[in-house]
Amino acid sequence: LRLIHTTTAVQRRNVGASGPEKYTEAFIKKQIEEFNLGKRHLANMMGEDPETFTQEDIDRAIAYLFPSGLFDKQARPMMKHPTEIFPEQRKIQWGEDGRPFHFLFYTGKQSYYSLMHETYEKLLSAQKYQDQLIAQDLPLQKEKRNLAGSRWLTKIELEEMLLERLSDDDYSRFIQLLQKLVALPCSDIEEKYIQKFSKEVPVQMQKVLIEPLQHDERGVAFSTGEGRRKTASATAVVYDNGTGKMTVNGKDILHYFPVLQDREQLLFPFQFLDRIGKHDTVCTVSGGGRSAQAGAIRLACAKALRSFVTEKEVEFMRQAGLLTVDPRVKERKKPGQEGARRKFTWKKR
Amino acid sequence: QLEHGYGLPTAARACLSSVSSQDVPTPEKPRAVFHTSESDPAKHTEHHEGRHYSIALEEVKAVFPHGLPYRFQQQIQTFNEACVMVRRPALELFAYLRSSNLAHPAVRYVIYGERGTGKTMTLCHVIHYCSRQGWLVLHIPDAHLWVKNCRELLQSSYNKDRLDQPLQASAWLKNFKISNEHFLREIKTQKKYMWGKRESTEEGRPLGEVVDQGLTRVRSASDAVGVVLKELKQQSHRGSFQLLVAVDGVNALWGRTTLKKEDKSPVSPEELTLVYNLRKMMRNDWTGGAVVTTLSQTGSLFKPSSAYLPQELLGKEGFDALDPFVPILVPNYSPREFESCYGYYLERKWLQHEKARTEDGKAELQFLSGSNPRQLDRLAGPL
């Protein structure tokens, strides 16, 4: 049997994926020149001064010229400096004669091992300094670094810095070495070096303002809160010195929410703070369905209760998820499918 | 001061509880808060408000062969005792009944309230009181059963326009017989009644015979019911007995029915013999008794579920027919009543969940049920 007629597709072997495209330096340089030219053109088009055209101005101009309704910001048209767009890549590590530049090239992980060597050198120098101080009988400096507010780089961040892959083991060894270095009484040089590998932990998310209690004509303290869940929006006014009654849109909760599950949702904030029979609530709600309205009222009540309660309990509520807006909304139906996820019935033929 | 009306089970329970819990000084003490030993409703006063009193099981079978709510019957079976809470509407009714002059035309009382607040239970409490006092109780458990889900409709032999319901009528007659045995022997008929061509009841025969006639000849059961009602109405003014007409779900008598004739035309309530005769009872043109009725939305047809006022549920016709009447509102549990009910469940070990026994659990139950007796009962079930 001989194969007479063949197509080029069959002849061509399966070319395996050759990894991400490699950009040459010349290519990147050309992109940068094009970007700068484009920037000046854009500034001209918008009537601004090309010399003082910043990246923010570029973003605004592009958003104006190419309006897009896509939800994903990364999918919209953008014009940024090529270094932000093209990922950093290693230049060729060897010269024309084929000799590698770095002395540790043949280890395979040259940047990692060179980093380890550097760090160890710093460690040795710190120990030498310590020995010197002991020999001179000088007091050892003990400046407590603030470890609570900082963290080490993650493995991914370190990989980005070194531009080569690391294994978990390598990463943990590096961190151990850093910690050992930090444990010694350090001097200034090491501080600067260590700061390269540590990051500040953001203290806390934006401090949400808790409104103070207001008082109405009778002198009863009350506070308001708003909540949303899946197209339902609710406002709740929680009064102090109450009997635990709740009214929704003028009706009692037993009439408005005949289902037990909805009433349990309403009960949750009060039960969490052990204040079931202490507050009266008046709520208004619109939109959404039965469950969405219950969730919206729950959020509104929890927000209103923040004013009645200590900060620690507010933190507890936040961790319990009582104060977070539920981001789940109805997923969009896609073309070619019957619903958001459901596909059409698959017929074999 | 307690345990007179109770039998061995209670005493055994008391012994067990005294053995198990040494730190409680008197084992009956928790019971005393939510219970009273007054098993005679006549002696219930405001002092007893919020407390449960129990009815002996034989009495339950005799006085309420039909008419207790289904869930309550299940509760009786589970707990092996029938405990009813004394509440203010019932006490109000007792006061009215005591002070009513039997020579005047019968006063009509309408018990109304939201769903599940205890209207039927109040009615049963009143029935128990009256039966203890020696009244003749004419109890129709649920008038809605007569206007819906009827399999057989016969054309009435007495009146061509009307329709008979043999099954419902015979069921009711059977239960009526159980509850009022001794009265049926004493009351005598005043007229001769013909059942069909051959059977007849002579004048002066005891009413029990009419009832038996209705039970044996099912075809004429509805007519038998009509005869019973007419006789009782005519004889009540004599004073030999007091008549209590207790109807649950009286709004069924003036609403619409779901029944259809053979030619698929809808049946209006007047065309049903049972309903027609009952409406005659409802009129206050007789003396020597009282009429206590309950409005019920649960079984009612074609009425929205948020309706509970007499105006809405009775409709214009019914309201005019029952006017004037004394309305009695039955509210949800007051905090005290709620505590009493909760304590009763706790004491009967109905609430098994450990959190249910704490204060927080109680507050949670109160919030979730909204102090509504039915909701509380349903909530406490799975716990």
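Which residue stands opposite Gly227(A) in strand 5 of chain A? The residue opposite Gly227(A) is Ala234(A).

## Basis of the model

This is a predicted model, in which local features need pLDDT of at least 70, side-chain atom pairs count only at pLDDT 80 or more, and totals for chains, interfaces and linings use all residues. Residues are numbered from 1 along each chain as its sequence is written, chains are lettered from A and ligands numbered from 1 in the order in which they are written, and side-chain values use heavy atoms, with hydrogens and water left out.

## Paired strands in chain A

Helices (H or I, at least four residues) and strands (E, at least two) are DSSP runs, numbered from the N terminus; two strands pair if DSSP finds at least two bridges between them. In chain A, strand 3 (residues 214-215) and strand 4 (residues 221-229) run antiparallel and are joined by 2 bridges. His215(A) has Ala221(A) in strand 4 as its bridge partner. These strands form a hairpin with 5 residues between them, and Gly219(A) in the turn has a positive phi of about 95°.

Strand 4 of chain A is also joined by 8 bridges to strand 5 (residues 232-239) of chain A, and the two run antiparallel. Their hairpin has 2 residues between the strands, with Lys230(A) in the turn at a positive phi of about 60°.

## The interface of chains A and B

The contact (heavy atoms within 4.5 Å) takes 13 residues from chain A and 11 residues from chain B. The buried area, meaning the accessible area (1.4 Å probe) that two parts lose on being put together, summed over both, is about 1000 Å², and carbon and sulfur atoms give 66% of it. On the side of chain B, Glu364(B), Phe367(B) and Leu368(B) lose the most area to chain A, together 59% of what that side buries.

Helix 15 (359-369) and helix 16 (373-380) of chain B each supply at least two residues of the side that touches chain A. The largest share of that side, 6 residues, comes from helix 15. Across the interface, the rule finds 0 salt bridges (a side-chain nitrogen of Lys or Arg within 4 Å of a carboxyl oxygen of Asp or Glu).

## An aromatic pair in chain B

Rings of Phe, Tyr and Trp (its six-membered ring) pair if their centres lie within 6.5 Å; planes under 30 degrees apart count as stacked, over 60 as edge-to-face and the rest as tilted. Over all chains, a search of the whole structure finds 18 aromatic pairs. One of them, Phe79(B) with Trp350(B), is edge-to-face, at 5.4 Å centre to centre and 85° between the planes. This pair links distant parts of the chain, 271 residues apart: Phe79(B) lies in helix 4 (residues 70-79), and Trp350(B) in the loop between helix 14 (335-347) and helix 15 of chain B.
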